[in-house]
Amino acid sequence: MSEGDYLKIKLQLLQFQTDVSAAKLARVQALAGLRQFLGFESVPDDYDVTADLDYQQEKATLVDLKVLASPPVQT
């Protein structure tokens with residue numbers, strides 16, 4: 001193997017390692033953003049997403065959604 005081929009392989013390895021590091025960082029950032037969106041108090045520090053996150057259309061009426069979104073009435 002020539003030195004040029006060896007250097008190309010080393011460069012490809014470095015690019016792969018950089019891609020893996022970037023993907024890990026993006027995952028951590030996405031989990032932090034999701035936790036912030038859901039509310040820090042409602043999600044533990046070490047949570048993880050294990051299910052599919054496929055889009056599913058909600059089958060609720062606008063009135064149902066407004067009731068769910070409104071704060072509870074305090075007596």
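The exercises below work through the fold, the salt bridges and the surface of one predicted model.

Residues are numbered from 1 along each chain as its sequence is written, and side-chain values use heavy atoms, with hydrogens and water left out. Because the model is predicted, local features need pLDDT of at least 70 and side-chain atom pairs count only at pLDDT 80 or more, while totals for chains, interfaces and linings use all residues.

**Exercise 1. Overall form**

Task: State how many helices and strands the chain holds, and decide whether the chain is spread out or a compact globule.

Solution. 
Step 1. The chain has two helices and zero strands. Helices (H or I, at least four residues) and strands (E, at least two) are DSSP runs, numbered from the N terminus.
Step 2. The radius of gyration is 23 Å, well over the 11 Å from the globule rule for 75 residues, so the chain is more spread out than a compact globule. The radius is taken over C-alpha atoms, and the globule rule is 2.2 Å times the number of residues to the power 0.38.
Step 3. The C-alpha trace spans about 80 × 25 × 15 Å along its principal axes.
Step 4. Of the 75 residues, 7% are buried. Here buried means under 20% relative accessible area, exposed over 50%, and partly exposed in between (1.4 Å probe, protein chains only).
Step 5. The chain exposes about 7,400 Å², with carbon and sulfur atoms supplying 60% of it. Accessible areas come from the Shrake-Rupley method with a 1.4 Å probe; for residues, only the protein chains shown count as cover.

**Exercise 2. The span of α1**

Task: Compare the end-to-end reach of α1 with the expected value, and find what follows the helix.

Solution. 
Step 1. Helix α1 covers residues 3-38 and has 36 residues.
Step 2. The expected span of a helix is 1.5 Å times one less than its number of residues.
Step 3. From first C-alpha to last, α1 reaches 52 Å, close to the 52 Å expected.
Step 4. Gly-39 follows α1 and has a positive phi, near 110 degrees.

**Exercise 3. Salt bridges**

Solution. 
Step 1. Asp-48 is partly exposed because its relative accessibility is 44%; Arg-27 is partly exposed at 43%.
Step 2. Asp-45 forms a salt bridge with Arg-35, with the closest N and O atoms 2.7 Å apart. Again the pair links distant parts of the chain: Asp-45 lies in the loop between α1 and α2, Arg-35 in helix α1, 10 residues apart.
Step 3. Asp-45 is exposed at 67%, whereas Arg-35 is buried at 16%.

**Exercise 4. Contacts of Arg-35 and Val-43**

Task: List what Arg-35 and Val-43 touch, leaving aside neighbours within four places in sequence.

Solution. 
Step 1. Contact means heavy atoms within 4.5 Å.
Step 2. Arg-35 is in contact with Phe-40, Val-43, Pro-44, Asp-45 and Tyr-47.
Step 3. Val-43, found in the loop between α1 and α2, is in contact with Arg-35 and Leu-38.
Step 4. Val-43 counts as buried because its relative accessibility is 10%.

**Exercise 5. A nonpolar patch**

Task: Name the residues of the nonpolar surface patch and give its area.

Solution. 
Step 1. Patches are made of residues with over 30% relative accessible area and no salt bridge; like charges are joined within 9 Å and nonpolar side chains (Val, Leu, Ile, Met, Phe, Trp, Tyr) within 5 Å.
Step 2. Leu-34, Phe-37, Leu-38, Val-49 and Leu-53 make a patch of about 520 Å².
Step 3. Leu-34 lies in helix α1 and is partly exposed, with a relative accessible area of 30%.

**Exercise 6. Sequence and space**

Solution. 
Step 1. Asp-46 is in the loop between α1 and α2 (62-69) and is exposed at 67%.
Step 2. Gly-4 is found in helix α1 and is partly exposed at 38%.

Key
Salt bridge = Lys/Arg side-chain N within 4 Å of Asp/Glu carboxyl O.
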